[in-house]
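This note sets out a series of points for a colleague who is new to the structure. Please read them alongside the sequence and the model shown here.

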Amino acid sequence: MANLSVACIGLGRMGAGIAANIQKHGFPLTVSNRTFDKTKPFVAAGAIAVRTPREAAAAAEIVITNLMDDASVLEAVTGENGILAGMRPNAIHIGTTTISPNLSTRLAALHAAHGSHYIAGPVAGRPDAAAAGKLFTFLAGAPEAIERSRAVINAYADRIIPMGEDPAVANSMKLAGNFMVASIIELIGQVYVFAEKRGVDPAVITGMFKQFMPATSEYVDRISSRNFGNAGFTLDGGLKDVTLILAAAGEVNAPLPYASIIRDKCLAAQARGMSQLDWSALTEISRLNAGQE
C-alpha cells in the first residue's frame, strides 16, 4: 500500500504534521498550500508542489484536506480549480477539518455524483501530536474506501474511532468532543477565579486539577499562570468551532446554554485582542468580570 499516491492540501500547523508523517511512511506525496512557501520543506524531502487543489487531486489516489472552516473546504473542493475538477474516478477525499455536519453531507453527495469517495475524518489533537503522528480521528464513509485508505490514515493517526457510514456523524462527534473540552476550559477558569478571590493558594487548585483531571494539565498550567502565548489552538479557531456546535444543535432543537456562554466569552476575548492566543484565554473574561486585572 506504500505506493498509494497522496495529495495533502493545507499545510498549516496541523496539516504540515499530517503531510510530514505521510511522507515519512514512504507514500508518493503532492502538496498544495495557499501560501506556496510552506511547500518547500516537503519538496526538499521529495514531494511535488502544485499551485491548486485541482492539480493536487489530479496527481493522487487519496486527497487529504486540512483547512480552516466550511468556506475554505468548499472552495477547495468546488470550482474551476477545485478538487473535483481534477480528481480521478474512484479516488478518495479524506476531510480532516472540523466542519459542519451539513457540509460533510454535502461533500459526500458531491463526490458520489462525481464518481469519487468522501471520508469524513476530522482529527483531534494539537500540533505536537500531529507532528508525532499521534492524532486520533473519527472516521465515517464507505467501508471499502476506509479500508483502502487505512495505511495512509495510520501514518498520521494512532487512534481511529469508527463512526459508521454517515459522514455527518463523524463531524458531529468531533463537535461534541470540542464542546466537552471548551466546557472543561470554562470550568477551570471559573474555579480559579473563585479560589483567587477567596484567597485560596492557586497551587493547591492546580494540584487538585492535576490529580483528578490529569488530561487537563496543559490548560491548568496556562490558566493558572495566565500564559496563553504559543497557541496550540487559537481563540479564533475555538470560536469557529463553538459557533458550529450551536448551529448543529439548533438544527435538532438541542439547547446548549453552556455553549452560548462560551461563545460570548470568546467574542469578548476577541474584542480585547486575544484572537491569536490559545483558546483557553477565554477564561480571562471570567477574571475581568470578577474585577481582576
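1. A residue counts as buried when its relative accessible area is under 20%, as exposed when that area is over 50%, and as partly exposed in between, with a 1.4 Å probe and protein chains only. The model is predicted, so local features need pLDDT of at least 70 and side-chain atom pairs count only at pLDDT 80 or more, while totals for chains, interfaces and linings use all residues. Residues are numbered from 1 along each chain as its sequence is written, and side-chain values use heavy atoms, with hydrogens and water left out.

2. Val-193 is located in helix H9; helices (H or I, at least four residues) and strands (E, at least two) are DSSP runs, numbered from the N terminus. Val-193 is classed as buried because its relative accessibility is 10%. Contact here means heavy atoms within 4.5 Å. With residues up to four places away in sequence not counted, Val-193 touches Ser-286, Arg-287, Ala-290 and Gln-292. The C-alpha atoms of Val-193 and Ile-223 are 10 Å apart, although 30 residues separate the two along the chain.

3. Helix H10 spans residues 202–212, and its buried residues include Ile-205, Thr-206 and Phe-209. Viewed down the axis of H10, the buried residues fall within an arc of 100 degrees, so they line one face of the helix. The arc is that of the directions from the helix axis to the C-beta atoms. Ala-203, Val-204, Gln-211 and Phe-212, on the other side of H10, are exposed. The cover over the buried residues of H10 includes helix H9 (167–197) and helix H11 (217–225). At the N-terminal end, H10 is capped by Asp-201, with a side-chain oxygen 2.9 Å from the backbone nitrogen of Ala-203.

4. Two packed helices are described by the angle between their axes and the distance between the axes. The axes are lines fitted to C-alpha atoms, for helices over the stretch in contact, and the angles run from 0 to 180 degrees between N-to-C directions. The axes of H9 and H10 come within 10 Å and cross at roughly 150 degrees. H9 is therefore roughly antiparallel to H10; angles under 35 degrees count as roughly parallel, over 145 as roughly antiparallel, 65 to 115 as roughly perpendicular and the rest as oblique. On the H9 side the contact is made by Ile-188, Val-191, Tyr-192, Ala-195 and Glu-196, and on the H10 side by Pro-202, Ile-205, Thr-206 and Phe-209.

5. H9 also packs with helix H12 (residues 235–251), at an angle of about 120 degrees and with the axes 10 Å apart. That angle makes H9 oblique to H12. In this pair, Leu-175, Asn-178 and Phe-179 of H9 meet Asp-241, Leu-244, Ile-245 and Ala-248 of H12.

6. Most residues other than glycine have a negative phi. Arg-226, which lies in this loop, has a positive phi near 60 degrees and is not a glycine. Arg-226 is partly exposed, with a relative accessible area of 32%. Asn-230 is in the loop between H11 and H12 as well, and has a positive phi of about 50 degrees. With a relative accessible area of 73%, Asn-230 is exposed.

7. What does Phe-233 contact, leaving aside its neighbours within four places in sequence? Its contacts are Arg-126, Gly-238, Asp-241, Leu-277, Asp-278 and Trp-279. Phe-233 is found in the loop between H11 and H12 and counts as partly exposed at 26% relative accessibility. The C-alpha atoms of Phe-233 and Gln-276 are separated by 8.6 Å, while the two residues are 43 apart along the chain.

8. In helix H4 (residues 70–77), the buried residues are Ser-72, Val-73, Ala-76 and Val-77. These residues lie on the same side of H4 because they cover an arc of only 130 degrees around the axis. Ala-71 and Glu-75 are exposed on the other side of H4. The buried residues pack against helix H3 (53–58), helix H5 (83–86), strand S5 (92–95) and helix H6 (101–114). After H4 comes Gly-79, with a positive phi near 95 degrees.

Methods:
A polar contact is a pair of N or O atoms within 3.5 Å; within protein, one must be able to donate a hydrogen and the other to accept it, and residues adjacent in sequence count only if both atoms are side-chain atoms.
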